[in-house]
Number of protein chains: 2
Amino acid sequence: MATTNELSRSERKRRAILAAAEALFLRNGYLGTSMDELAELSEVSKQTVYAHFGSKESLFVELVSSMTAAAGDGLHDRDERAALDGDVAGHLARYAADELAVVMTPRVLKLRRLVIGEVERFPDLARALYENGPERAIRSLAVTMAEFTDRGLLAADDPVEAATTFNWLVMGAPMNEAMLLGDEAIPDVAALQRHAAHAARVFVAAYGVGVR
Amino acid sequence: MATTNELSRSERKRRAILAAAEALFLRNGYLGTSMDELAELSEVSKQTVYAHFGSKESLFVELVSSMTAAAGDGLHDRDERAALDGDVAGHLARYAADELAVVMTPRVLKLRRLVIGEVERFPDLARALYENGPERAIRSLAVTMAEFTDRGLLAADDPVEAATTFNWLVMGAPMNEAMLLGDEAIPDVAALQRHAAHAARVFVAAYGVGVR
DNA sequence: CGCGCAGTACTGGACAGTCTAGTTTGATCG
DNA sequence: CGATCAAACTAGACTGTCCAGTACTGCGCG
């Protein structure tokens, strides 16, 4: 109890390796990262790396998969019960701001760049990222859109189409800028909130009741 | 006159190298492409490759730069005189469909994936792609938006903001799907046209005159 | 004690870039 | 037309380095 500090030795090593792998793969890419470098940064011997993860490819797949799943969970747990009043635009703006706050971080953006660059080599990882990211967000949004429509607050005949439209109205510009311009081009929180509000305003103008 | 076939020998070799470089870099990435492989596919000796382009890095930069510039030119030459009537939505839908047709091709998408994956190694190439792609399109669109507004056909107080909004309304969904799901996920022409029309409809609902 | 780890050397192969020696090409001129 | 010549090209060996993965020896933690 005095010696073991919360975690088994093996588990600590394993996490050290994953932490180093995250740093190196996100910075240098798959081919640009060497296992020697990785062992050194992990402060672990190469043997230990291979004992925990059988190969470079396995390590890469495991790391990216877990990061993808974790990033997807970030957005998931939100109470959708706040939509009782009629402030659709406000609700959507808040949702969009939250989504942007999760996605527009160096970690997530680097992961996305890495996966996009490796689409040909690891198509399954890219598909997993797509499903855990945009697709999941859109599915969840579509439920909200349908609810708003049922209550007569919105005219979204096709909830998935509406959700897709709103999602990319929100994410399109900042995401694509960040992909190419690097992490320094990430807007600050205030700018993201302004953008979220703008997107919600445009969306409600097109899908609000009584407009069309 | 009978011997030289249109192009000098040197020029033919040069183009063969660039063609092979395009195929290999777009498929395997920068680090994933070897100069031996490239020389073989070019049907040229390695010496010739190094005679034409001093290094792997130079060749890569030159190839990507020229592809970026060429792709940017594709959209540029359009007669904007067709907007005399009041059919704003129709005009924007046509513009969007054209833009999508240029961008949603395997060649351009692979280039984009390649550049995104190499942002850390070659930030200048990524910036050039951004400026020749989205930024250029948005600047040109902003002019159109301002004209429409002057004629009372649109209420775009901030033409750049309006152009940015429309641009990503159009490009966001298909672009981001294609980035992660690969070239097989590129929608067909009909689907792209439908999407373009949808984007124009949403945009006009938000920015059209008399709505807000 | 014994398992898992450190440290490190090693294998086999790949890769960027250079070097050398010989060959082809195409223009020029007698 | 044919000889000549320089530039460009070929083929492949070669250097120095790096890398994924393995083998082995000893050591310290539990």
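Reader: How many Å apart do the C-alpha centres of domain 1 of chain A and domain 2 of chain A lie?

Author: First, a word on the source: this is a predicted model, in which local features need pLDDT of at least 70, side-chain atom pairs count only at pLDDT 80 or more, and totals for chains, interfaces and linings use all residues. Residues are numbered from 1 along each chain as its sequence is written, with chains lettered from A and ligands numbered from 1 in the order in which they are written. Chain A is divided into domain 1 (9-54) and domain 2 (62-207), with bounds that come from an automatic or database domain assignment. The distance between their C-alpha centres is 31 Å.

Reader: Which helix gives the largest share of the side of chain A that touches chain B?

Author: The contact (C-beta atoms, placed from the backbone, within 7 Å) takes 34 residues from chain A and 33 residues from chain B. Helices here are DSSP runs (H or I, at least four residues), numbered from the N terminus. On the chain A side, helix 6 (106-117), helix 7 (123-150), helix 8 (159-181) and helix 9 (189-207) each give two or more residues. The largest share, 11 residues, comes from helix 8 of chain A.

Reader: Do the copies meet through the same surface or opposite ones, and what percentage of the interface residues of chain A tells us?

Author: The copies meet through the same surface, because the interface residues of chain A that are also interface residues in chain B amount to 97%.

Reader: Which element gives the largest share of the surface near DNA strand D?

Author: Of the 20 residues around DNA strand D (C-beta atom, placed from the backbone, within 6 Å of it), those that come nearest include Ser34(A) and Lys56(A). Among the elements giving two or more residues are helix 2 (35-42) of chain A and helix 1 (9-28) of chain B. The largest share, four residues, comes from helix 3 of chain B.

Conventions:
Two residues are in contact if their C-beta atoms, placed from the backbone, lie within 7 Å.
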